[in-house]
Amino acid sequence: MTYLYHPKEKNKQLGAMKFFFFMFGVIHLLSPSSGKAIYENGISQRTFQEIQKEVASYEDVAKAIINLAVYGKYQNRSYERLALLADTVGPRLSGSKNLEKAIQIMYQNLQQDGLENVHLEPVKIPHWERGEESAVMLLPRIHKMAILGLGSSVGTPSGGITAEVLVVTSFDELQRRASEAKGKIVVYNQPYTSYGITVQYRTQGAVEAAKVGAVASLIRSVASFSIYSPHTGIQKYQDGVPKIPTACITVEDAEMMSRMASRGNKIVVHLEMGAKTYPDADSFNTVAEITGSKYPEQVVLVSGHLDSWDVGQGAMDDGGGAFISWEALSLVKDLGLRPKRTLRLVLWTAEEQGGIGASQYYEQHKVNISNYSLVMESDSGTFLPMGLEFTGSDKARAIMKEVMSLLQPLNITNVFSDGEGTDINFWIQAGVPGASLRDDLYKYFSFHHSHGDTMTVMDPKQMNVAAAVWAVVAYVVADMEEMLPRS
């Protein structure tokens with residue numbers, strides 16, 4: 001239900017809520033069951049029914065967070081904050097001035113928001129630039145192709161590359177036709193099944209083509225839908241294999257060349273790419289906190305990545321995830337809440353290059369891994385969430401199902417498997433419970449890493465809901481008496 005308030009009534013109700021939650025916290029602290037749980041041989045002696053009852057006690061808190069985020073004074077705030085950054089700075093490629101400008105803006109924003117321990121943690125990140133690039137089909141007809149060079153690709157020699165094309169639909173077909181590939185440009189027209197399966201052609205396509213003597217590779221964009229839109233992304237070279245230029249092309253051009261090849265047409269393409277890799281650049285992970293009231297050394301980490309590719313605005317990937325993570329802490333602060341554990345916001349740098357900023361954060365902080373109760377990353381869109389993806393022990397999953405039941409007012413209560421994120425997988429693989437949002441991946445991969453990733457994709461009302469889900473989960477897990485149990 002939508003609540004309509006007069007502005008003065010909003011302020012009165014917000015003040016009343018803050019007083020209520022202050023008293024709620026006092027009662028919690030004075031209750032007989034408060035304090036560290038009783039452990040025997042490192043195992044909690046609380047029954048699951050006791051934990052259920054504890055989670056249920058957060059029903060009013062969850063409703064207040066939902067009301068404030070979705071219907072109240074701060075609805076649309078995460079969208080408006082993101083729009084200001086995306087419109088002001090634009091895309092934020094690893095190693096670029098735009099990314100570092102965005103980091104400095106966010107550092108100031110988090111301080112002005114009244115969050116605690118706002119600081120920048122220095123890291124080294126890759127610096128690659130695409131330069132000027134073009135591709136023209138010369139035979140069987142003249143056709144200018146839309147392309148985007150893939151991250152870390154080398155450029156073409158001066159004057160470019162002109163070569164005949166070999167079209168394949170899989171790595172297996174490439175191996176069967178290896179004798180035909182030498183001196184040619186390999187075009188991959190692999191079908192899209194899912195991002196996780198199909199992305200191997202983007203990341204490994206150049207290496208596999210180079211192994212059979214190709215001079216370049218062009219990969220059908222890894223996208224669920226296309227309006228003649230190339231989708232970029234990272235690719236990886238392999239030691240001992242020649243580095244050849246590689247770029248993504250549109251679904252439409254890949255399919256057209258496949259049809260041409262099936263008719264026996266000779267296809268010739270001229271490719272020019274000015275891509276270049278520079279020495280690693282200085283950058284920062286951006287951190288802010290709400291310090292825990294009782295167990296400040298223990299952490300619930302909430303995150304998204306601030307970097308993006310150099311096309312579009314990086315609004316969806318991952319501006320939305322970064323800004324609902326900031327919003328989660330803002331909502332908790334605005335309600336006058338302070339969880340028992342520290343809520344830590346991290347805005348990662350250089351995620352798109354393979355979680356570079358996050359890997360250095362993990363190396364710097366893993367000594368305290370036993371104090372991380374939950375790591376969360378939103379990096380699959382902030383459309384209308386279908387639920388929470390979670391990785392952890394069976395006991396932790398059961399608790400998370402209870403936590404998600406608090407989102408019943410939004411009808412978003414599902415707990416799926418496989419909570420993950422490039423930036424939090426380091427922690428998950430080491431046994432820390434992890435969570436991510438389950439979202440509309442068909443829509444997400446329609447715009448992913450393309451010129452279409454702009455604020456036009458974003459919906460403020462959907463962002464409100466995503467922020468509410470994120471904030472409720474983060475706050476409740478951070479405030480429960482015990483950390484989530486591990487395997």
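**Entry 1. Ser450**

I started with Ser450 and looked up what it touches beyond four places in sequence: Pro230, His231, Val311 and Gly312. I note here that the model is a predicted one. Where does Ser450 lie? I find it in the loop between helix 14 (441-447) and helix 15. Is Ser450 buried or exposed? Its relative accessibility is 2%, so I log Ser450 as buried, the cut-off being under 20%. I then checked its side chain, which reaches the backbone nitrogen of Gly452 at 3.0 Å.

**Entry 2. His449**

I moved to His449, in the loop between helix 14 and helix 15. Its phi is near 60°, a positive value in a residue other than glycine. I flagged this because most residues other than glycine have a negative phi. His449 counts as buried, at 5% relative accessibility.

**Entry 3. Asn411**

I looked up a further positive phi. Asn411 is not a glycine, yet its phi is about 60°. I place Asn411 in the loop between helix 12 (394-404) and strand 17 (414-416). Is Asn411 buried or exposed? The relative accessible area of Asn411 is 63%, and over 50% counts as exposed, so I log it as exposed.

**Entry 4. Cis peptide bonds**

Next I went through the peptide bonds. Most peptide bonds are trans, so I wrote down the exceptions I looked up. The bond from Leu139 to Pro140 is cis, with omega near 5°. Pro140 sits in the loop between strand 4 (133-139) and strand 5. The bond from Asp317 to Asp318 is also cis, and here omega is near 0°. Where is Asp318 placed? I find Asp318 in helix 10.

**Entry 5. Arg338**

I turned to Arg338. I find it in the loop between helix 10 (315-334) and strand 14 (341-348). Its relative accessibility is 40%, which falls between the 20% and 50% cut-offs, so Arg338 is partly exposed.

Which residues does Arg338 contact, leaving aside neighbours within four places in sequence? I list Glu116, Ile290, Thr291, Ser293, Tyr475 and Asp479. I then looked up its polar contacts. The side chains of Arg338 and Glu116 are joined by one of 2.6 Å. The Arg338 side chain also reaches the backbone oxygen of Thr291, at 2.8 Å. I took one distance as well: Arg338 and Asn285 lie 53 residues apart in sequence and 24 Å apart in space, C-alpha to C-alpha.

What is the strand order? I read it as 5-4-11-7-8-9-10-6, and the pairing is mixed. Strand 5 (143-145) and strand 6 (147-149) are the edges, each pairing on one side only. On average, neighbouring strands of this sheet are turned by 30° against each other, direction ignored.

Strand 6 runs antiparallel to strand 10 (residues 246-249), and three bridges join them. I looked up Ile147 and found that its bridge partner in strand 10 is Ile249.

**Entry 6. Nonpolar cores**

How many residues does the largest nonpolar core have? I have 91 in the log. The residues with the most contacts inside it are Leu110, Val300, Leu343, Leu374, Met376, Leu410 and Val473. Helix 15 (residues 460-479) gives the largest share of this core, with 15 residues. Another core, of 22 residues, lies apart from it and includes Ala163, Val167, Ile185 and Ile267.

Beyond four places in sequence, Val300 is in contact with Thr342, Leu343, Arg344, Ser373, Leu374, Met376, Ala474, Val477 and Ala478.

**Entry 7. Met400**

I finished with Met400, which is in helix 12. Is Met400 buried or exposed? Met400 counts as buried because its relative accessibility is 0%. Not counting residues up to four places away in sequence, Met400 touches Leu374, Leu388, Phe390, Val415, Val473, Val477 and Leu484. I also noted its separation from Asn414. Met400 and Asn414 are 14 residues apart in sequence and 9.7 Å apart in space, C-alpha to C-alpha.

Terms used: Residues are numbered from 1 along each chain as its sequence is written. This is a predicted model: local features need pLDDT of at least 70, side-chain atom pairs count only at pLDDT 80 or more; totals for chains, interfaces and linings use all residues. Side-chain values use heavy atoms; hydrogens and water are left out. Helices (H or I, at least four residues) and strands (E, at least two) are DSSP runs, numbered from the N terminus. Buried means under 20% relative accessible area, exposed over 50%, partly exposed in between (1.4 Å probe, protein chains only). Contact means heavy atoms within 4.5 Å. A polar contact is a pair of N or O atoms within 3.5 Å; within protein, one must be able to donate a hydrogen and the other to accept it, and residues adjacent in sequence count only if both atoms are side-chain atoms. Two strands pair if DSSP finds at least two bridges between them. Axes are lines fitted to C-alpha atoms, for helices over the stretch in contact, and angles run from 0 to 180 degrees between N-to-C directions. A nonpolar core is a set of buried Ala, Val, Leu, Ile, Met, Phe, Trp, Tyr and Cys residues joined through side-chain atoms within 4.5 Å.
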